[in-house]
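The exercises below are meant to be worked through with the sequence and the coordinates side by side. Try each task before reading its solution.

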Amino acid sequence: MITGGPLLAPDEAISRSLVRTVPDAVTEPLADLGNVPVAVPVLLAAMAYALWRGARRRAVAAAGLAMALVPALIVPLKDWTARPGPLEPWAAGYFPSGHTATALVAYAGAALLVSPYARRRWPAAAALLLTAATAVGLLLRGFHWPLDVLGAVLLCTPLLAGVAAARGMRHPG
């Protein structure tokens with residue numbers, strides 16, 4: 001269980017200054033963008049579209065594998081750290097944020113798959129916006145500490161690097 005360290009006090013102070021500063025009716029739907037039933041269908045649709053457009057099968061498979069690895073990576077860390085939540089000190093398993101990890105891998109993975117077929121950079125911007133909205137919703141609603149969110153981003157970035165590598169730099173056409 002995480003009970004100390006130099007980052008915990010600032011993390012808790014930042015959280016205390018943010019939690020419930022915006023109505024729950026606004027922040028909860030933002031946090032819900034990281035729910036599996038919301039984020040994963042976006043990735044599945046991007047995978048289907050990329051295949052339809054002739055994307056490399058290994059890139060599509062890498063995106064699916066990255067999403068499948070999220071719970072395999074996040075759940076054991078939640079169990080090991082047993083960090084309590086900002087609003088639920090009796091509960092455990094908040095580090096790292098599974099919602100942030102799901103949002104990042106689903107939305108950024110989708111962006112990596114569809115961006116070669118987009119005329120502009122909107123897929124990357126959309127992925128960044130949706131992931132940031134999820135993180136902001138989680139923090140403001142009090143579902144996660146800031147380090148929970150940051151930890152998920154840092155842990156899942158290598159998964160996305162694998163998708164990017166499998167996609168390669170080749171553009172269609």
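**Exercise 1.** How much space lies in the largest pocket?

*Solution.* This is a predicted model, in which local features need pLDDT of at least 70 and side-chain atom pairs count only at pLDDT 80 or more, whereas totals for chains, interfaces and linings use all residues. Residues are numbered from 1 along each chain as its sequence is written, and side-chain values use heavy atoms, with hydrogens and water left out. A pocket is an open set of points on a 1 Å grid over the protein atoms alone, where a 1.4 Å probe fits and protein lies on both sides within 12 Å along at least five of seven lines; lining residues have an atom within 4 Å of a point. The largest pocket holds about 260 Å³ of space.

Its lining consists of 16 residues, and those nearest the centre are Ala111, Leu112, Pro123, Ala124 and Ala127. Two or more lining residues come from each of α5 (98-114), α6 (122-141) and α7 (146-167), with α6 giving the largest share, five residues. (Helices are DSSP runs of H or I, at least four residues, numbered from the N terminus.)

**Exercise 2.** Identify the members of the largest nonpolar core that touch the most other members, and trace the contacts of Cys156.

*Solution.* Such a core is a set of buried Ala, Val, Leu, Ile, Met, Phe, Trp, Tyr and Cys residues joined through side-chain atoms within 4.5 Å, where buried means under 20% relative accessible area, exposed over 50%, and partly exposed in between, with a 1.4 Å probe and protein chains only. Among the 36 residues of this core, Leu43, Met67, Val70, Val105, Leu113 and Cys156 touch the most other members. The elements giving two or more residues are α3 (36-52), α4 (57-81), α5, α6 and α7, and α5 provides the largest share, 11 residues. Once neighbours within four places in sequence are set aside, Cys156 is in contact (heavy atoms within 4.5 Å) with Val70, Ile74, Ala101, Leu104 and Val105.

Note on methods. Grid points are joined across faces, edges and corners, and a volume is the space filled by probe spheres set on the points.
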